[in-house]
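Here is a short report for a first look at this structure. Keep the sequence and the 3D view open while reading.

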Amino acid sequence: MKITTVGLDIAKSVFHFVGVNRAGKLVRKKMIKRTELIHFFSQVEPCLVVMEACGGANYWAREFQKMGHEVKLIAPQYVVPYRQGNKNDYNDAFAIAEAAQRPNMRFVQPKPVEQQDVQMLHRMRERLNKQSTALVNQVRGMLAEYGIVIAKGKASFRSKLPDLLENADNALTVKGRSIFYQLYEEFTDIDTRLKNCDTQVLQETKSNHVCLRLEAVPCIGPVTATAFYAAAGNGKDFTNGRHFSAWCGLVPKQRSSGGKDNLLGISKRGNAYLRTLFIHGARAVLRHSNGKVDRFSRWAVALVERRGFNRACVAVANKLARIAWVIAAREEEYQMVD
């Protein structure tokens, strides 16, 4: 019997293959070592190969596509309902194949190498930013033990700590001063690497036509534009703007029953990093909307007066996400409406 769909449970070293026919009946199953996987699939007739969207899935998707296979990825949470019996690797692989045959299943588009490069840049930048913030907070806490208090923020830390280390009249000991100086050097090194990341983000923006169009949207700069591209590419995998906004977690959760709609707070599903950037951009929009006469600014100001600043931030972020999708997916230019 011919294999039409393959469910592949991927891992670091050992992979579990389950092949089913058009009727969903098991045809073949096999445990395969990583070093043998490419050779094994080269001997399989072209078919649909389905994996969970997890670490390494994009690489394997590209390799299988080179062999003529059609590849689809499924979010892991959509596979769980189709698993039968206890959780093991073969049952996981069979559940993947079963889920792929559902007519309404949602799939994740494999990322090309260019998108992965930009995504890796943003992940490195995010990690450095967290390390920098944690270091500043730690040093501020340790300085407080010596009776020295400096204001919050990296700018204050950057400007005041060198002066404190040079001041011989404070309570710092020679050993303590040496340790704080090492911590400041560590902060400077992270700061330099962060600036290098920002330079690379700017270079990516200038060479990417999707990012260039997105930058025209209010308060979407190089960081948000490249983060959009890293996460969603050209946006054409989403049905519409609301679909993309829901994927970012910017739409209300629902708990509806009996024909009565009950909307809760935003779902916070999907890409938390991109959602954070859109909300930060929305805050900037609201801060600078007073006095502007275009339709978007008037709507934002009226929303703040009616619903409050925080709710307005989320609503504006939702609007920005939808606008960004239209510009990316439909290849349009942003036009401000009076």
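Predicted model: local features only at pLDDT ≥ 70, side-chain atom pairs only at ≥ 80, totals over all residues.

The sections below cover the annotated domains, the salt bridges, a charged patch and some backbone details.

UniProt, in an unreviewed entry, lists "domain: Transposase IS110-like N-terminal" for residues 6–146. That span is 45% helix and 21% strand. Its end C-alpha atoms lie 63 Å apart.

The unreviewed UniProt entry also gives "domain: Transposase IS116/IS110/IS902 C-terminal" for residues 213–292. Here the chain is 45% helix and 9% strand. The end C-alpha atoms of residues 213–292 are 22 Å apart.

## Salt bridges

How many salt bridges are there? The count comes to 9. One of them joins Lys130 and Glu126, with the closest N and O atoms 3.8 Å apart. Both residues sit in helix H5, which covers residues 113–144. They are 4 residues apart, about one turn of the helix. Lys130 counts as exposed, because its relative accessibility is 56% and the cut-off is over 50%. Glu126 is partly exposed, at 27%.

Glu70 pairs with Lys72 in a salt bridge, the closest N and O atoms being 4.0 Å apart. Glu70 is partly exposed, with a relative accessibility of 45%. Lys72 is also partly exposed, at 25%. Elsewhere, Arg83, Lys87 and Asp92 are linked in a network of salt bridges.

The side chains of Glu331 and Lys236 form a salt bridge, at 3.5 Å from N to O. Glu331 lies in the segment after helix H13 (309–329), and Lys236 lies in the loop between helix H9 (222–232) and helix H10 (241–247), so the pair ties together parts that are 95 residues apart in sequence. Glu331 is exposed, with 51% relative accessibility. Lys236 is partly exposed, at 46%.

Another pair of residues also brings separate stretches of sequence into view. Gly56 and Ile10 are 46 residues apart in sequence. In space, their C-alpha atoms are 8.0 Å apart. Gly56 is in the loop between strand S4 (48–52) and helix H2 (57–66). Gly56 is partly exposed, with a relative accessible area of 39%.

## A positive surface patch

Which residues form the positive surface patch? They are Arg106, Lys253, Arg255, Lys268 and Arg269. Take Lys268 as an example. Lys268 is in the loop between strand S7 (263–266) and helix H11 (272–287). Its relative accessible area is 57%, so Lys268 counts as exposed.

## Positive phi angles

Most residues other than glycine have a negative phi. Two residues of this model are worth checking against that rule. Lys268, already met in the patch, has a positive phi of about 60° although it is not a glycine.

Cys219 also has a positive phi, of about 65°, and is not a glycine either. Where is Cys219 placed? Cys219 is in the loop between helix H8 (209–214) and H9.

Methods:
Residues numbered from 1 in each chain as written. Heavy atoms only, no water. Patch = residues over 30% accessible without salt bridge, like charges linked within 9 Å, V, L, I, M, F, W, Y side chains within 5 Å. Areas by Shrake-Rupley, 256 points an atom, 1.4 Å probe, with all protein chains shown as cover. Lys, Arg positive; Asp, Glu negative; His and termini not counted. Charge placed at Lys NZ, Arg CZ, Asp CG, Glu CD. Helix = DSSP H or I, 4+ residues; strand = E, 2+ residues; numbered from the N terminus. Buried < 20%, exposed > 50% of the residue type's maximum accessible area, 1.4 Å probe, protein only. UniProt positions renumbered as here; feature names shortened; annotations may be inferred.
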